[in-house]
Amino acid sequence: MQTSPSEGALNSGSGKYNPSPRASIANTSPNFLYNASKSSSFLLSLTNNNNNCTLPFGSKSFHHFEKNLKNLEESLTKSKEIKDQIVNILDRFEQRFSKLENEMTSMNDRIDVLKMSHDNIDKTIKNVDSTLEKYNRPQLFEKRIEKGIAGDLDGFLLNLKQNDETINFFTKHANYKISDKLKDKCIILRSKAINLLEQEFQNILQTVSSKLNIIDPFHYKKEDLERDDFDLTFDLIPNEKIEQLSIIAQKLEFYSKIDYRKLYIQNRSKVITMTLNKMIPEKKENKLQITTNAIQQNALKISSQLKKKDDEMIISQKFYKRGSHPFIYYMNFYLKLLESERKIALRIVSIDYQKNQIYGDVINPSLKLFKEQAEELAEKNRTSEKIFVLLDILENFENKLLQNFEEVLSHTQHLEAFKSLSETFKNNINDLLTEFYKGIHTNNIEAFDDGVVHQTTSNGFSLLKRLLEYPITIENILKEKRFNRDRNLGYEVKTYFGKYLIQLLEAMEHNIEEKKKNYGPKQKALAQLFVLNNHYYIYKNLQDVKLLKKHVPESKLREYRKLKEDDIDLYIKATWDDTLILLRDLDKLKPDKNGKYPKKEIKKRFKKFNEQFNEIYMTQRLYCIRDIELKEQLREKTREQVLPTYVYFVNLFKDTGFSSNVSKYICYSEDGLGSMIDQFFDEERSLDEEEENTSNSLD
């Protein structure tokens, strides 16, 4: 394909348009001509000087070369002529191209003017159409308002936006025909539209907050509620409804219509309170309506536990099981409820500085209800078992929930008031510990007639051991509430729990001494066995329970170790002194001058010993010592005291002829007597029996 001269000019060089194609040819041809003429001149000089030079070739060859040279010169001349012709052609083309270029430029200018005119006409037509449309908008929007939102919130808001644009248009173009009337009509329509938005906001709230849509607190597992990532938000309000409420709220704020805030606060407050009331009964409620539905029955079973405001469930249990109180579930559920409501409020309320204030107002009634329930739980039914309920609740509250509660309430006016719940629990725990101490000190529980450990002693150590299930919590409570001032307890105690332990021991000692007085004059042995049982029980617990031992001063342990030994000696003395004196006092049993023994006195001694031993046997086999080690120790001590004395007395008088029927008076062999002693303390009292007899011992 051939290239036109103009295209050659455009394609040469760098690709830019070259206005002088002739100059391009002129710049290249002279070089070639110069080189050719230079060769010709050289050859001619050789010809002119041939007389002086000897050529390397013959004359025939030279003439042939000269002929060729002339042909070359002719060709060059012809080439120059052709070149000049081409240059002339290119010059004429360049002139025509320049003329064409000028004509095209003029044409483009005229086209631009026409295009601008066309655009102006088009714009004018559009402005006219837009203006005409704005004249029609009030009528169209009025029909849309009559229809209502009708499930098309986005379309309604678009119409409202167009109505605002119409108001602005007629405000700027007040000189247009009937612009004032149309503007006023649009303003009235906007007011109606805003009312529809407020009504729609209320309708959506009422729909998602109806009783049918209130979530069931017992639908969730406790383990799920304890997870940090667990969320109730979309169970409370579906995501699309939250989005609609948010859009409407933003629009209402834009028009400075803030009544929706009050509506939102009232509605959501009621929802949270109603949700909590599913777990807590109305004050007038007397009975639960049990349904046949299995799920409902299960929910009512859990609910009934929460609904016992006086905490009757504690009384029905011998010991509170850690983590079992329904209030722990209640706290976890309420925390998730607050967290989810906060997320909802942050999305719906569009004004940043109002978000936390409105959220605080929403949760205010439920917080009051929650605090009332917590305080009522802490203050009612003040049994010793309540200590562990409150410790468990407090530990769950402070260690697992408080940080999250603080976070969700951090920007509200309720944070400090909510923190006071910890103090409420701590104060009540301390008061209950004090009441327990006083209960041991002043209880009216009678001692059993078998000398077993008194119920207050066993209750005291049961409480101490269980308190150590909450070591950090109980230590802090005792430090802050009970021993915030130095008290001289007479011992070097390193822990606050140790101080409370010493106080309880003092109360137990006082109780032991008081209950000992209730035994009659003929029950000295039983009274002493009662003291021994209690002291030994205290010593064994202090010595063997590692968690307790580290809180007890060594001097206190030595004190109870010595008490145990002294009590054993006192028990032996109280039991056997009056009996063994019969075998030990031999002054009246010495033979006379004739070597005869006082037969009547010997018979009397044997008879009285048999009677007293049998009475001791019949009585003390019914006494109770639960600790096997103490039981064997006391039997061994009895054998050590009784058997040698008895054997010596028998051996001393059996051959004296004090009776013709010796077996009538010597009723027991050494082995038989030992066997009977081994039956002492065989009574085994049931712990359940004791707890039944003293179920309300310290409460």
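Asp544 is partly exposed, with a relative accessible area of 44%. In this predicted model, Asp544 forms a salt bridge with Lys540, and their closest N and O atoms are 2.9 Å apart. Both residues belong to helix 19, where 4 residues, about one turn of the helix, separate them. The structure holds 35 salt bridges.

**Further salt bridges**

- Glu395 pairs with Arg322 in a salt bridge whose closest N and O atoms lie 2.4 Å apart.
- This pair links distant parts of the chain, 73 residues apart: Glu395 is in helix 14 (residues 386–409), while Arg322 is in the loop between helix 11 (312–315) and helix 12 (326–348).
- Glu395 counts as buried because its relative accessibility of 14% is under 20%, whereas Arg322 counts as partly exposed at 40%.
- Glu416 forms a salt bridge with Lys419, with 3.9 Å between the closest N and O atoms.
- Glu416 and Lys419 are both in helix 15 (residues 415–442), 3 residues apart, about one turn of the helix.
- Glu416 is exposed at 56% relative accessibility, and Lys419 is partly exposed at 31%.
- A network of salt bridges links Lys80, Lys83 and Asp84.

**Nonpolar core**

- The largest nonpolar core has 150 residues, of which Leu467 and Tyr500 touch the most other members.
- Leaving aside residues up to four places away in sequence, Tyr500 touches Leu433, Phe436, Tyr437, Leu463, Leu464, Leu467, Leu478, Arg482 and Phe483.

**Second largest pocket**

- The volume of the second largest pocket is about 480 Å³.
- Its lining consists of 18 residues, and Lys522, Ala525, Ala574, Thr575 and Ile616 lie nearest the centre of the pocket.
- Helix 19 (524–544), helix 21 (554–584) and helix 22 (599–620) are the elements that give two or more residues to this lining.
- Helix 21 gives the most to the lining, with 6 residues.
- By class, the lining of the second largest pocket comprises 6 nonpolar, 6 polar and 6 charged residues.

- Ile178 is not a glycine, yet has a positive phi of about 45°.
- Ile178 lies in the loop between helix 4 (153–172) and helix 5 (179–208), and counts as partly exposed at 44% relative accessibility.
- Phe681, a residue other than glycine, also has a positive phi, near 60°.
- Phe681 is placed in the loop between helix 24 (670–677) and helix 25 (687–693), and is buried, with a relative accessible area of 0%.

Technical notes: Residues numbered from 1 in each chain as written. Predicted model: local features only at pLDDT ≥ 70, side-chain atom pairs only at ≥ 80, totals over all residues. Heavy atoms only, no water. Core = buried A, V, L, I, M, F, W, Y, C linked by side-chain atoms within 4.5 Å. Buried < 20%, exposed > 50% of the residue type's maximum accessible area, 1.4 Å probe, protein only. Contact = heavy atoms within 4.5 Å. 1 Å grid on protein atoms, 1.4 Å probe; cavity = no way out; pocket = protein on both sides within 12 Å on 5 of 7 lines; lining within 4 Å. Points joined across faces, edges and corners; volume = space filled by probe spheres on them. Nonpolar A, V, L, I, M, F, W, Y, C, P; charged D, E, K, R; others polar. Salt bridge = Lys/Arg side-chain N within 4 Å of Asp/Glu carboxyl O.
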